[in-house]
Amino acid sequence: MLDFLLAVPGRLYVVATLLPLLAFTLLLLTGLMRRLSVGTPLHRILGGEQPRLLGALIVLAAMASSATIGVTNLQRFLADPAHATHDDAGLAARWSERMDWFRLGSLDTDPPPVFEKQRQENPHRKVPRTALALELGYRIDHLSAVLFAMVTVVGTLIVMFSIGYMKDERNAAVEDHEVEKQTPTVHRFHRRGRFGRFFLFLSLFCFSMLNLLIADNLFQIFVSWELVGLCSFFLIGFYYERPSASYAANKAFIMNRIGDAGFLVAIMIAWTSLGTLNIEEMKHRLRSPAADSHGKLDLAEQFVRVNLEDPIVDDSVKRYSLPAVDAEPGTHLALFPLAWEEADHFHGLGYKRSQDHGFEVPDVLTFTSYGAMPYWLFVAMGLGLFLGCVGKSAQMPLHTWLPDAMEGPTPVSALIHAATMVAAGVYLVGRCFALFAPEVLLVIAYTGAVTMFVAATIALVMTDIKRVLAYSTVSQLGLMMLALGVGGWVAGLLHLLTHAFFKALLFLGAGSVIHGCHHEQDLRKMGGLAKKMRTTALTMLVGVLAIAGTPFFSGWYSKDLVLQAALGFGLTHPQHIALFILPLLTAAMTAFYMFRLWFLAFAGAPRDHHVHDHAHESPLIMTLPLVILAAFSIGVAWGWPLWEVDHSLLAHALNHSAPSFLPTVYAHEYETAHHYHLAVGGAALLAAALGFGLAAIKYWKPRRAMVLGDIKPGTPANFLAKKWYFDELYDAVVLKPTVAIARFAGAFDKRPTEGTLAARRYDAATLDGWLNGLGDATLSAGRSLRRLQTGRLRSYILVLALTTAAMLAILTVLKT
Amino acid sequence: MPEFWSQILPHPWHLVAIGLIAAGLLFGFIGISTFFAIWAERKVSGRIQDRLGPTRVGPYGLLQSLADGIKLISKEDFAPTDADRFLFRFAPYLAFCASFCGFLALPFGAGLVAVELDVAAFFMLAVLSSEVFGIILAGWASASKWSLFGGLREAAQVVSYEVPRAMCVVVPVCVAGTLSLSEFARQQQGGFWNWFVFHDPFTFAAFFVFFITATASCKRAPFDLAEAESELVAGFLVEYSGIRWSYFFLAEYGSMFAVSGLAVYLFLGGWHSGVLPGEPTDWLGFWAGSFLNLGVFLAKCWMLVLVMIWLRWSLPRLRIDQVMTTCLRYLLPISCVLLIGVSLWQLLVPRSIGFVVSCALAVASVAFTFGVIVSLFRLPTSSPRGSLPGVWAGRSTPLTPR
Amino acid sequence: MTDLGLTPFLVLASFLFVCGVVCIATKRNAIGILMGVELVLNAANLNFVAFARFGPPSFRLEGQVFALMVIVLAAAEAAVALAIILNFYNNHSTVDVDRADELRG
Amino acid sequence: MTLSHALFAILASVTAISALGVVLSGSIVRAAVWLLFTLLGVSMLYFLLGAEFLGAAQLIVYVGGTLVLVIFGIMLTAQGPFSSLKTRPMEWVVGGALGAVLFALLVNAVRPIPDLQPGGAGTLPGTGPLGMGFLGIANNGAVAYLLPFEIVSVHLLVVLIGAAYLARAKRHQRTEGEA
């Protein structure tokens with residue numbers, strides 16, 4: 001077994017992915033056994049009514065082993081000699097595998113003999129499949145390796161933190177005061193502690209997230225994607241007795257469903273048009289090869305748009321050709337073969353455009369044939385994929401679920417809403433980057449920019465400590481999307497990584513504050529906590545500095561790279577300069593609201609003595625993760641020389657797996673960005689300093705009245721505090737009409753005696769009459785047809801057999 | 001062998017000839033084995049019950065079975081009036097056929113097999129499990145409520161015990177990676193520590209579970225609920241007499257040998273002696289080697305059959321509910337655990353540790369067996385004259401002289 | 001002389017199928033109907049295996065896999081059917097399917 | 001006339017005659033015995049076709065499992081040893097006619113299929129390839145059956161529970177009634 005695992009180092013990733021699932025299964029089974037064995041000794045052994053600590057320790061152990069494997073394997077992966085020699089086949093053999101989960105036979109039944117020959121020469125070579133196969137597989141590259149390490153490490157720390165944070169849940173009976181507050185009919189609400197359940201979902205969540213990271217095809221990603229959403233639903237609704245929590249869980253789930261519908265559409269398009277869901281193969285099929293056997297191609301690694309040749313000569317073969325150089329781009333997208341029939345000698349498209357005669361698409365596709373799909377369908381596929389990411393990463397207009405998701409326990413907020421689930425959307429955009437048309441990328445950039453700006457403005461006025469962080473997360477996710485949209489692939493994903501660490505730190509810090517203040521989340525009631533909670537205050541300060549973009553903190557590196565990319569894009573395409581202005585403004589706002597949060601919570605004089613007197617520092621099991629995360633938040637993006645943003649080691653690692661066409665397609669943008677990178681750094685620093693200065697002036701020693709003062713209606717602040725009225729908008733546009741339609745439809749169903757007067761009149765005159773008529777007709781028809789239904793099994797079978805015979809006879813007659 | 005016949009007979013007929021010869025040999029084997037097994041049964045039971053057993057017919061009463069056979073054949077062949085005549089007559093043959101077919105795939109040595117099947121182990125299980133038809137039909141056709149009860153019990157018991165038995169067969173199959181019995185034997189050649197019973201703790205346990213379920217599916221005591229003379233008079237056998245009755249016994253002893261043979265292949269090294277290295281036919285030539293193989297295999301089979309006889313006369317019969325409980329609540333979960341355990345063992349345990357464990361198991365088992373044998377041959381400490389041994393020691397009984 | 005081909009198997013399978021259908025249509029005993037179903041399934045299985053043997057190479061595995069699935073499902077079906085029949089017998093003291101003509105037991 | 005022809009003739013006639021027996025026999029137990037021979041015949045045909053694993057599976061599942069269950073069911077539900085539910089003559093006529101027509105049509109449907117000859121080796125892929133196929137580790141161009149396998153497994157589990165539930169529900173009620 002050990003030999004089996006070590007034979008291919010990538011298999012350890014599978015083990016690390018499955019470990020949390022194992023913990024989940026164990027917990028689930030013991031929980032089941034406990035429920036089934038009430039009143040027996042087994043029940044007592046399994047903890048009886050009081051939840052046991054052991055389950056959490058099992059999950060912690062599983063996650064810690066996963067993290068160990070994740071980190072050591074990251075090292076092994078980075079040290080793999082194949083990177084230096086660009087030995088892709090060797091790399092693929094060591095770090096990826098796939099198997100059929102379900103297979104409907106291939107488009108052509110047997111692989112062409114050429115592949116057999118090639119396989120004899122190189123046994124590692126995979127036979128490409130265009131079959132309709134749902135596969136299970138993993139593929140490790142720099143992106144997934146680095147993210148895998150990040151998710152496992154952060155996950156482990158969060159599990160550790162939760163053991164302290166969720167201590168109350170270990171009691172046999174837990175009182176939930178929130179329930180009493182929200183539902184006036186309930187008094188003194190008691191329930192059993194749900195310690196085990198929390199860790200159960202936490203481990204399932206980690207499994208799904210890790211599976212999402214290592215998956216090599218869209219289908220597997222989609223499965224984990226849905227699992228992640230499901231776990232998020234369970235965890236947000238963890239306190240499901242509170243109406244607000246169950247509402248928030250539903251909201252998150254439904255918002256994600258909207259996005260997932262798009263994802264599903266994209267998958268269907270890919271399945272029918274490309275014949276594969278494997279991301280690498282999709283890339284192969286969509287983008288032109290870099291060079292053919294005659295030399296480098298003009299259209300190397302780009303989408304090639306072609307026109308259907310008119311008139312169609314042959315029904316079974318369609319011909320496509322390249323349009324002239326300065327003509328309109330073609331209406332179709334060329335799909336390239338997964339492999340060439342002769343690997344040594346083949347023609348790509350566009351080597352010499354004057355002599356290029358296009359290509360033919362046969363009726364039955366094989367591994368080696370060209371294909372074509374309408375360009376609009378391709379754009380739709382990209383938009384669908386992105387819609388999925390919009391839902392998961394809480395971009396406009398589906399962002400409203402994320403702040404509401406703060407109803408879950410704080411560690412969940414840290415895990416889901418900082419490090420992992422919301423990262424999935426950004427990750428998917430990064431992974432499928434090569435599959436997006438330029439139009440889609442622009443949509444991504446603008447969506448990100450608008451989200452970033454709107455969320456940052458809302459964060460300025462929030463008073464709930466977790467909601468500030470939530471809006472800050474939305475804003476930062478928008479920043480990442482923006483970066484990806486303008487071609488800053490490395491920048492966006494580096495920001496994803498650094499952000500995961502410092503946002504997890506901030507959330508856990510907030511959790512520590514909330515825990516210390518006995519579940520008080522209102523910033524207006526805090527203040528002066530720095531003296532009581534020294535570790536928390538200091539580590540949170542690190543997080544605030546990192547997110548604000550202070551030099552030498554991790555956030556500085558990623559943010560500067562993003563801004564560089566944005567400026568490069570903005571200067572190259574002056575009509576899109578807003579894509580640079582908005583993030584610069586947002587940088588200032590970010591610094592402002594983060595320092596506002598810190599000053600309000602930790603600096604100044606205590607504002608609520610009741611809260612302040614009972615505040616205490618959290619135990620070691622909660623502060624230790626904070627310290628570790630703080631260390632990561634400072635140094636995770638370091639490189640040498642330290643002051644050069646471009647030399648971040650992590651960025652270099654990510655750069656390995658960046659799509660290879662980026663430097664050619666975005667050549668001009670990159671050059672501009674590099675040219676102005678000092679100016680960008682200066683501007684960003686200035687913006688951050690401005691934000692810090694304003695926050696310090698206003699909130700370092702704030703006047704009590706100003707903090708507590710209510711926001712007057714009609715002011716811009718109120719507009720922000722109401723979150724730009726997004727919820728109200730959705731309420732008015734979607735919810736109200738739906739409910740109205742439902743009520744209207746419901747009125748049809750009311751009996752004349754119970755409905756309102758109008759409904760009654762309407763009902764008796766029209767629908768009820770029709771329905772009764774219909775019912776009578778059915779009844780009489782049934783009465784006459786009833787004799788056919790003897791209730792005898794055998795006569796039915798007789799009729800069935802007679803029908804079969806008759807059909808066979810008809811077939812026979814028709815054939816002759 | 002096939003070459004020889006293909007020289008004197010044209011194409012399809014030499015195959016027919018070989019088939020006929022194999023069938024004849026197998027029939028002879030079952031007959032002779034039963035002949036001696038019945039004698040052994042009576043002798044062993046006699047000795048266990050402090051009697052002599054048959055002594056009159058032939059030396060040591062060896063021809064007793066012959067005398068019984070003559071008596072049975074000469075008996076009147078009758079059926080009850082209400083019986084379903086056809087099925088009543090037919091049932092014994094059905095039972096015997098099933099047990100006979102089990103031998104088709106059972107090798108008696110390297111190459112000494114009627115049909116070389118790739119799925120021999122599976123085939124034997126399948127065929128032996130259909131023996132139950134004869135019993136059920138006999139029970140039903142006799143038109144007697146005792147018979148019907150016997151048949152019903154047999155059906156329930158066999159269907160239930162088939163499951164753990166099949167799972168226990170899968171345990172060594174997991175180790176060997178084949179279903180062919182000859183291949184099983186080939187993998188266990190060499191020293192006895194190579195036998196699959198000693199392969200790991202799970203196969204070791206599986207051997208005993210398999211043996212128990214096999215005993216049950218041959219409806220041997222303590223699982224002979226289908227006959228259960230104390231409750232059901234003689235169960236499905238109530239109305240039978242004469243030669244038809246003896247067919248059931250042929251079937252029973254036949255299947256005893258068949259399951260013993262299966263156990264020998266699955267766990268106990270097949271035709272390999274466990275002491276001699278390599279394959280005997282390779283260094284002794286075909287005939288001498290095959291004789292050695294046959295001898296070793298038969299000796300192992302007889303050992304297991306004798307253990308079954310020993311069990312029958314030592315253990316009290318279970319109740320029907322106890323029989324079903326034993327199977328469904330104990331043997332079935334145990335065999336599931338064994339199956340999972342052996343799979344994990346194959347996956348996780350390195351070869352060196354596995355070798356050490358199997359050596360330890362083998363040595364410990366041999367030492368234990370040796371110890372038991374030695375204790376058997378040690379002279380009992382003689383009790384004082386006139387007093388009784390065992391639980392009666394020191395008590396006054398009507399027999400003890402005052 | 002040609003060797004044994006596909007057609008005899010197909011004809012035999014058709015015969016088994018027809019026997020099964022007639023059995024289902026004529027038996028009044030519920031268990032008899034179950035036997036008819038088994039006959040039909042066996043006919044189908046025989047076809048699967050025959051095509052696995054005589055059909056194109058890609059059928060060699062597929063035919064067997066389908067047959068195996070059918071065997072397994074048939075066993076499951078028999079178990080459920082018997083449970084239903086026993087239940088019916090407990091309620092009505094008969095296994096005559098002509099008596100089972102009401103939706104409420 | 002080759003050996004395989006002869007074997008097929010024997011096995012096919014046994015199978016066909018006993019299938020007819022299942023249909024025609026009045027006693028349900030006799031029908032079960034006929035069915036036994038049909039199943040055995042089909043299993044032997046599998047062996048003849050080279051599908052050894054399937055043949056053995058047919059034996060152990062159908063003959064050793066399903067049929068024993070069926071006979072068990074007969075014994076539990078038989079009111080007397082010879083109780084049989086007679087089929088009316090009219091039904092025989094209809095059923096027979098239907099069968100004849102159906103058989104004719106089916107044979108007619110079989111006729112255009114060419115009498116294919118066996119290709120490749122004498123035995124079909126055995127236990128190994130079958131198991132690998134079920135685990136989804138298929139060779140190139142072959143088909144993987146992991147999902148169907150999983151579905152069948154879950155199906156079996158459901159059936160197991162369902163059958164147990166159905167079989168025990170009544171008894172439960174009756175003990176309540178008695179109590």
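Begin by selecting chain D: of its 179 residues, 40% are buried, where a residue is buried if 20 or more other C-beta atoms lie within 10 Å of its own, exposed if 12 or fewer, and partly exposed in between, with C-beta atoms placed from the backbone. The model is predicted, so local features need pLDDT of at least 70 and side-chain atom pairs count only at pLDDT 80 or more, while totals for chains, interfaces and linings use all residues. Residues are numbered from 1 along each chain as its sequence is written, and chains are lettered from A and ligands numbered from 1 in the order in which they are written.

**Chain D**

Helices (H or I, at least four residues) and strands (E, at least two) are DSSP runs, numbered from the N terminus. Along the sequence, the pattern of chain D reads α-α-α-α-α-α. Of the contacts in chain D with a separation of 6 or more, 50% are between residues 24 or more positions apart; two residues are in contact if their C-beta atoms, placed from the backbone, lie within 7 Å.

**Chain B and its helix H9**

Buried residues form 44% of the 402 residues in chain B. Select residues 201-217 of chain B to display helix H9, whose 17 residues reach 24 Å from first C-alpha to last, close to the 24 Å expected at 1.5 Å a residue; the expected span is 1.5 Å times one less than the number of residues. Because 14 of the 17 residues of H9(B) are buried, this helix is largely enclosed by the rest of the structure. After H9(B) comes Lys219(B), with a positive phi near 45°.

**Chain A: confidence**

The average for chain A is 79, and 87% of the residues score at least 70. Within chain A, confidence is lowest in helix H30 (residues 704-708), at a mean of 53, and highest in helix H14 (residues 375-392), at 90. Where pLDDT is low, the predicted coordinates should not be read in detail.

Show the open sheet of 5 strands in chain A, which has the order S10-S8-S7-S9-S11 and antiparallel pairing; two strands pair if DSSP finds at least two bridges between them. Strands S10 (359-362) and S11 (371-374) of chain A stand at the edges with a single partner strand each, so one side of each is left without a neighbour in the sheet. Finally, centre on Ser633(A) in helix H25 (residues 620-635) of chain A. Ser633(A) counts as buried because 28 C-beta neighbours lie inside 10 Å. Thr498(A) is 135 residues away from Ser633(A) in sequence, yet 6.7 Å away in space, C-alpha to C-alpha.

Definitions and conventions
pLDDT = per-residue confidence, 0-100.
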